[in-house]
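Welcome, and thanks for taking a look. Please have the model open in your viewer as you read.

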Amino acid sequence: PHLIWGPGDPHLIPRLLARARAGRLRRVGHCDVIVDVTYIDNAAEAHLLALDRITAAAGKVYFITNGQPLSMWEFLNKVLALAGLPPVTKAVPYWFARNYGRFAEGMHRLFRLAGEPAMTRFVASQLSTSHWFDISAARRDLGYEPRVSCEEGLKRLAPTIQAVGP
């Protein structure tokens with residue numbers, strides 16, 4: 001599954017909100033990028049389907065997403081709006097983010113800093129590159145069909161973000 005999110009997400013959504021609240025969230029690059037995301041219930045169902053069809057699925061690789069590539073920043077701005085935060089409008093060039101990531105990674109290594117760097121080369125690349133996946137094999141072999149759309153997932157996420165507050 002790619003970019004799993006939803007209520008209880010300990011990775012993507014909390015990091016996004018923390019950076020936005022600290023005023024440290026920027027678009028990387030000046031192009032809109034298209035990505036696939038996976039709502040948590042869809043990811044769980046895909047795993048259960050694979051288990052049910054273990055002999056047919058054994059040894060095979062399947063991409064699991066919501067099956068609806070979307071604008072990354074439009075999606076992330078919707079998540080920010082749920083938390084009462086303004087949309088991300090500022091951008092930095094890819095070359096700057098990548099070099100900053102290299103610097104931040106080096107400082108963390110050199111000084112053995114705890115936690116994760118504010119930027120990494122990998123994150124700079126992911127934030128500036130479109131990436132979506134063909135889920136037709138999962139549909140064909142596993143019977144996978146995303147049941148929760150991104151729009152419905154955002155509705156389900158809203159109470160959990162609003163409960164935490166800005």
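This is a predicted model: local features need pLDDT of at least 70, side-chain atom pairs count only at pLDDT 80 or more; totals for chains, interfaces and linings use all residues.

Residues are numbered from 1 along each chain as its sequence is written, and side-chain values use heavy atoms, leaving out hydrogens and water.

**Helix packing**
- Helix H5 (residues 94-111) packs with helix H6 (residues 121-128) at an angle of about 160°, their axes lying 7 Å apart.
- H5 and H6 are therefore roughly antiparallel (angles over 145 degrees count as such).
- Tyr94, Ala97, Arg98, Gly101, Arg102 and Glu105 of H5 meet Arg121, Phe122, Ala124, Ser125 and Ser128 of H6, with contact meaning heavy atoms within 4.5 Å.

- The whole structure has ten salt bridges (a side-chain nitrogen of Lys or Arg within 4 Å of a carboxyl oxygen of Asp or Glu).
- In one of them, Arg121 pairs with Glu105, with the closest N and O atoms 2.6 Å apart.
- Arg121 lies in H6 and Glu105 in H5, so the pair ties together parts 16 residues apart in sequence.
- Glu105 is buried at 13% relative accessible area, whereas Arg121 is partly exposed at 29% (buried is under 20%, exposed over 50%, partly exposed in between, with a 1.4 Å probe and protein chains only).

**Another bridge**
- Arg15 and Glu116 meet through their side chains in a salt bridge (3.0 Å, N to O).
- Arg15 lies in helix H1 (residues 12-21) and Glu116 in the loop between H5 and H6, so this pair ties together parts 101 residues apart in sequence.
- Arg15, Arg19 and Glu116 are linked in a salt-bridge network.

Methods:
Axes are lines fitted to C-alpha atoms, for helices over the stretch in contact, and angles run from 0 to 180 degrees between N-to-C directions. Helices (H or I, at least four residues) and strands (E, at least two) are DSSP runs, numbered from the N terminus. Angles under 35 degrees count as roughly parallel, over 145 as roughly antiparallel, 65 to 115 as roughly perpendicular and the rest as oblique.
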